[in-house]
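Here is a short note to read beside the model. Keep the sequence and the 3D view open, and take the points in order.

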Amino acid sequence: YQRRVHGHLLTGYIGNPEVLKAVVEVLNVLKSTNSKCTYLCDPVLGDNGVLYVPEESVQIYRQKIIPSASIVTPNQFEAATLSGIVINSIPTALQASDWFHCQGVPHVVITSMELDQDTEGLTLVGSSKNTDNHFDRFTIRVSKLQGYFSGTGDLFSALLLAWMENTNSNLRKSCEMVIASLQAVLNETKSYQEKLSVETTSRERELRLIQSKEHITNPNVLLIAQNI
């Protein structure tokens with residue numbers, strides 16, 4: 001029997017701490033056969049000040065999961081919860097990013113940041129640290145889109161992992177591609193929902209991925225990352 005070599009691992013919402021512990025074991029096995037295995041961790045803990053998972057899970061993420069990750073994609077609340085830093089500005093977001101870097105994470109994306117001075121938009125903050133301790137830090141601002149959409153976080157993480165592979169781990173370019181695809185998918189989904197004559201059900205809230213295939217494979221980048 002020859003153990004299969006895997007190059008990538010992606011995790012999202014995990015509500016059970018025991019399953020989270022199993023992820024650590026799986027990752028150790030994957031890295032034993034491929035030390036360059038890329039692990040993207042979306043640490044889904046909660047949002048808007050509310051935890052979705054037990055406190056035990058937060059500690060497992062801090063102590064076991066985050067130090068093993070190649071890329072992390074927390075939202076504003078999750079980054080603050082893990083780092084212990086109150087995030088209410090770009091500078092504090094960078095402080096939180098530095099906490100992740102100190103844990104050994106090369107690439108950090110804090111998503112869906114709401115800033116007090118910008119009520120109409122959401123800001124993404126990206127930070128990469130290479131082996132020479134050189135940082136590439138940037139923001140991408142997107143306008144808020146009214147509506148309810150199911151699966152946006154999962155799509156963001158999946159696309160980011162794919163583009164990081166295709167761009168030789170260029171986080172800035174990858175995020176530009178991901179945001180372009182995600183915005184197009186959301187607009188396609190919203191247009192479909194608006195054509196319905198009744199209130200949307202959970203099925204109609206699902207992202208229109210098949211119909212947006214071209215936007216996913218060949219995104220039209222309109223929002224360029226800004227240096228910090």
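1. Start with the surface. Accessible areas come from the Shrake-Rupley method with a 1.4 Å probe; for residues, only the protein chains shown count as cover. The protein exposes about 12300 Å². Carbon and sulfur atoms supply 49% of that area.

2. Know the ground rules. This is a predicted model, in which local features need pLDDT of at least 70, side-chain atom pairs count only at pLDDT 80 or more, and totals for chains, interfaces and linings use all residues. Residues are numbered from 1 along each chain as its sequence is written, and side-chain values use heavy atoms, with hydrogens and water left out.

3. Now the overall build. The protein has eight helices and nine strands. Both are DSSP runs numbered from the N terminus: helices are H or I with at least four residues, strands are E with at least two. The radius of gyration is 18 Å, close to the 17 Å that the globule rule gives for 228 residues, so the protein is as compact as a globular protein of that length. That radius is taken over C-alpha atoms, and the rule is 2.2 Å times the number of residues to the power 0.38. Along its principal axes, the C-alpha trace spans about 55 × 45 × 35 Å.

4. Look inside. Buried residues make up 46% of the 228. Buried means under 20% relative accessible area, exposed over 50%, and partly exposed in between (1.4 Å probe, protein chains only). Contact means heavy atoms within 4.5 Å. Of the contacts with a separation of 6 or more, 65% are between residues 24 or more positions apart.

5. Which strands pair with E6? Strand E5 (residues 71–72) runs parallel to E6, joined by two bridges. Strand E7 (residues 118–129) runs antiparallel to E6, with six bridges. Two strands pair if DSSP finds at least two bridges between them. His107 of E6 is the bridge partner of Ile71, and His107 also has Ser128 in E7 as a bridge partner. A hairpin of two residues joins E6 to E7. Strand E6 (residues 107–115) is mostly covered, with seven of its nine residues buried.

6. Finish with helix H3 (residues 76–83). Seven of its eight residues are buried. Among them are Phe77, Leu82 and Glu78. What do the buried residues of H3 pack against? They pack against strands E3 (46–47) and E4 (50–51), helices H2 (55–65) and H4 (90–102), and strand E6.
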